[in-house]
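Here's a walk through a two-chain model, feature by feature. Keep the structure open while you read.

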Amino acid sequence: MRPIKIVTDSCSDLAKELRDKYSIEYVKMNTVHNEKETPASLDWEYYSAKELYDIMRGGERVTTTQVPAQEFTAMFTKLVEEGFDVIYIACSGVLSGSVNTGIMVAKEICGKYPEAKITCIDPKMSCMGEGFIAIKAAELVAEGKTFDEVVAYIEENKLRMNQFATVNTLDYLKRAGRVKASAAFFGNLFGVKPVIISDINGQNTAIKKVKGRLASMDEIVNLLNDAMQGEEDRRVFVGHADCPQEEVDYLVNKVKEVIGTDEIYINYIGPIIGASIGPGAVVVYGWGKKVELEG
Amino acid sequence: MGTQNLTGEMFAQMVQNGAANLRNNAQTVNDLNVFPIPDGDTGDNMCRTIEGGASVANAEGDVPVSEVCSKVAEGMLLSARGNSGVILSQFFEGINLGMKDFETADVKAVAEAFRAGVKQAYSSVITPTEGTILTVMREATDVATSKITEDSTLEQFFKAYIKEMYLSLDRTPELLPVLKEAGVIDSGGAGFSFIIEGMYKALKGEEITSDKMITTVSAEAPIGNFDENTEMEFGYCTEALVQLRSEKTDVEAFSVDALIEYLESIGGDSIVAFKTGTKVKLHVHTFTPDKVLAFCLTFGEFITVKIENMSIQHSETTVENRFERKEVVSNERKKFGVVAVAGGDGLKEMFTSLGADAIVDGQQTMNPSSEDFIKAFDAVNADTIIVLPNNSNILLAAKQAGELYKDSDIRVVESTTIAEGYAALTMLDLTSEDIDVIIDDLKMAIGGVTTGLVTYAVRDTSQDGFEIKKDDWLGFSKKTILSVEKDKVSAATALLDSIDKTGKEVIIAIAGKDATAEELSAVHEYASKNFPLVEFYEVDGGQDIYSFIFAVE
């Protein structure tokens, strides 16, 4: 049996420490600012998180491009030649075309290396939810599960990953075309914060209005707690797009207090998700009940 | 000698005289304001209410008194404005019920009808407050009724009525502490007294004339900025009250649908047409009012017609057109609609942008009538209509309109300030499609708001522990004065200091007409510096009276 390598992409927002720990590789998308394309590094090699978010705060647009085919070709070829089978945990297919490009390239590579297996999974999830699923896959691999068992488990369980995010403004997401929001979220909302989930199609969907920043953070933690009832895996991922430390502390303390867990992993929301969601976003992820809502 | 029997003609004259007497004294009633600020409007509201009855009370000859009462009551229900106005309209509705089937009414019948009026008035408010118009009408009715003997005349009844009415009015400060503190008698009771006084004078043959016309909004005719070269941009605002005529149409079966269709076919917009009884009220903006008039003559005769060139001082006519449709013609019936009351262009725009389908124009001292609401309900055309009155003095008129309106489920959410209505609307979410859930959410949003208001004092007084001089700037919340300063910005910032901000995260500052951009940013700066955890948003509301309205939530 060939060893298995888990690959994800720039949307997964997994920092180096976690990628190393779980031996996860990632393929890079690109950010585009002033017509200049830059690889979207999860280790902020080309610009700092602060720099990216300050550009957006200044009103300038940062756009993104999906993982280029040659990036997949290089990554898959390298891993296959090293003797690995590959499971690629992509960014939600409704938010990025990367999963399709990955499938195309995988077919080509598998033609060249008939002994290799490459499967591309649309986890219907992005950001750290995607990363969290990749970690789960890596853990299953470490437990000695077979390629097919890992793929089957992820396909079966991916909708049990729950996302609850809130933003100061929906403008960034609307501009990027990456949120579904009903008429309730139009107009100037003055202090009203939306709660955004990832629905069964992997689409970001604004489901609820909350007044005030702290109240909105309370709400996403409460909603995650509800979703995590009965769940054994108590890990919670907390992401933020360059928020003040007090806000991050508030959110983390809330998670500790309400969900009652100390297994909290905190990270910046990376360049790709950040470019869509905008500065000030916060998000929490955890395994739990199956998402049933379709926005 | 005196009058034994009240005829329809006499009752009509009495109502008109009552209206005229109040009209002459409306300002006196306005000034009986508990708060030392320029928002008193009880006199105007009651006046517009009774005029809705007086304008249709034009009985001649042997018209039964019951018929006149019915007309008066119907007119007043539609024109009712402000809480005192609604109570007044319900009083006359009670008289109408009491007078049913009477050709003429003797003193006993009149007294019974007045009792029915009091009962009806009390039932129109959920928790009747004593020391108000209600007390005055009840006590006067009780005493005058108890003094009736076999050969009492109407004059004697009214004389006794008036004597007790004034005694009762003088006692209102004893019953209602806010009146005592402000050193005034109840304004609604005073307005009522002027009406009864006027009615009594009609009985004695004294006709009261009034040169103050309050019903026409533009007391000053628009100045001619329309000349031989002005572009005819806006057409005519055309309003008519049409009496349907049996010789021209089947009055019973007549429906305004054909009329609306015709008005649309000639390019009219802002169309409102509805039938009440055997009359049709009509409002349309058109370039060809001649066609409108000719069409109306095919089914009736005009009672009144008003045509105004909207290209002349266009802004004036928006006052006349007391509601605006979001989309000019959207005949498709919706599941949900929202009607909000707002005055000032900025506020109207704000409510519209947040999803209100129709705005009923309501300045602080210019309360809309039940009829204004009904027109808005028609324009919205939805199964369920959520109403945000945004003023405690408009609640009853909105509710009365809801009861009169049968085509939609009308849900009045008790928003008592612009800030509350605004906060509610920002949280509006119709996705559940469950009206009870939706309304609960709105109520919860309102519960989380503290409203702060800034305006100036119109008289010297002392209240809530403050010595107030005329022209001082006042900041207050929930009818309690929290700051008194010599300038607007200080009053605003001191007010924000005093408001309990525990658990509050957002301040929305709605700047009024007289607040400058500098004053607004001065307040903003102060808030950012002193309450760094609270988000501060600026809105240009353009409202009268209040320089700032704060929604702290």
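Predicted model: local features only at pLDDT ≥ 70, side-chain atom pairs only at ≥ 80, totals over all residues.

Click on A137(A) and you'll find it touching I6(A), I87(A), I89(A), V150(A) and I154(A), leaving aside residues up to four places away in sequence.

## Where the chains meet

How many residues does each chain bring to the contact? Chain B gives 17 residues and chain A gives 15 residues. On the chain B side, β17 (506-511) and β18 (535-540) each supply at least two of the residues that touch chain A. Sorted by class, that side of chain B has eight nonpolar, five polar and four charged residues.

Helix α1 (residues 8-30) and helix α2 (residues 42-54) of chain B pack at an angle of about 165°, with their axes 8 Å apart. That angle is over 145 degrees, so α1(B) and α2(B) count as roughly antiparallel to each other. Their crossing is left-handed. On the α1(B) side the contact includes V15(B), G18(B), A19(B), L22(B) and A26(B), and on the α2(B) side it includes T42(B), G43(B), M46(B), C47(B) and I50(B). By class, the contact has nine nonpolar, eight polar and three charged residues.

Now follow α2(B) to its other partner in this report, helix α3 (residues 65-79) of chain B: the two axes come within 6 Å and cross at roughly 145°. Here the crossing is right-handed. R48(B), T49(B), I50(B), E51(B), G52(B) and G53(B) of α2(B) meet V72(B), G75(B), M76(B), L78(B) and S79(B) of α3(B). This contact has four nonpolar, five polar and two charged residues.

## Two covered helices

Helix α16 (residues 418-426) of chain B is mostly covered, with nine of its nine residues buried. Among them are E420(B), Y422(B) and L425(B).

In helix α18 (residues 488-498) of chain B, the buried residues are K488(B), V489(B), A491(B), A492(B), T493(B), L495(B) and L496(B). What do they pack against? Their neighbours are β12 (450-456), β15 (473-477), β16 (480-485), α19 (517-530) and β19 (548-552) of chain B.

## Loop residues to look at

Most residues other than glycine have a negative phi. N390(B) is another non-glycine residue with a positive phi, near 60°. N390(B) sits in the loop between β10 (382-388) and α15 (395-404) of chain B and is buried, with 28 other C-beta atoms within 10 Å.

E143(A) is in the loop between α5 (127-142) and α6 (147-157) of chain A. Only 12 or fewer such neighbours count as exposed, and E143(A) has 9 other C-beta atoms within 10 Å, so it is exposed. E143(A) and D20(A) are 123 residues apart in sequence and 17 Å apart in space, C-alpha to C-alpha.

Terms used: Residues numbered from 1 in each chain as written. Chains lettered and ligands numbered in written order. Contact = placed C-beta atoms within 7 Å. Axes fitted to C-alpha atoms, helices over the stretch in contact; angles between N-to-C directions. Helix = DSSP H or I, 4+ residues; strand = E, 2+ residues; numbered from the N terminus. Parallel < 35°, antiparallel > 145°, perpendicular 65-115°, else oblique. Left-handed = near helix turned anticlockwise from the far one by under 90°. Nonpolar A, V, L, I, M, F, W, Y, C, P; charged D, E, K, R; others polar. Buried ≥ 20, exposed ≤ 12 C-beta atoms within 10 Å, placed from the backbone.
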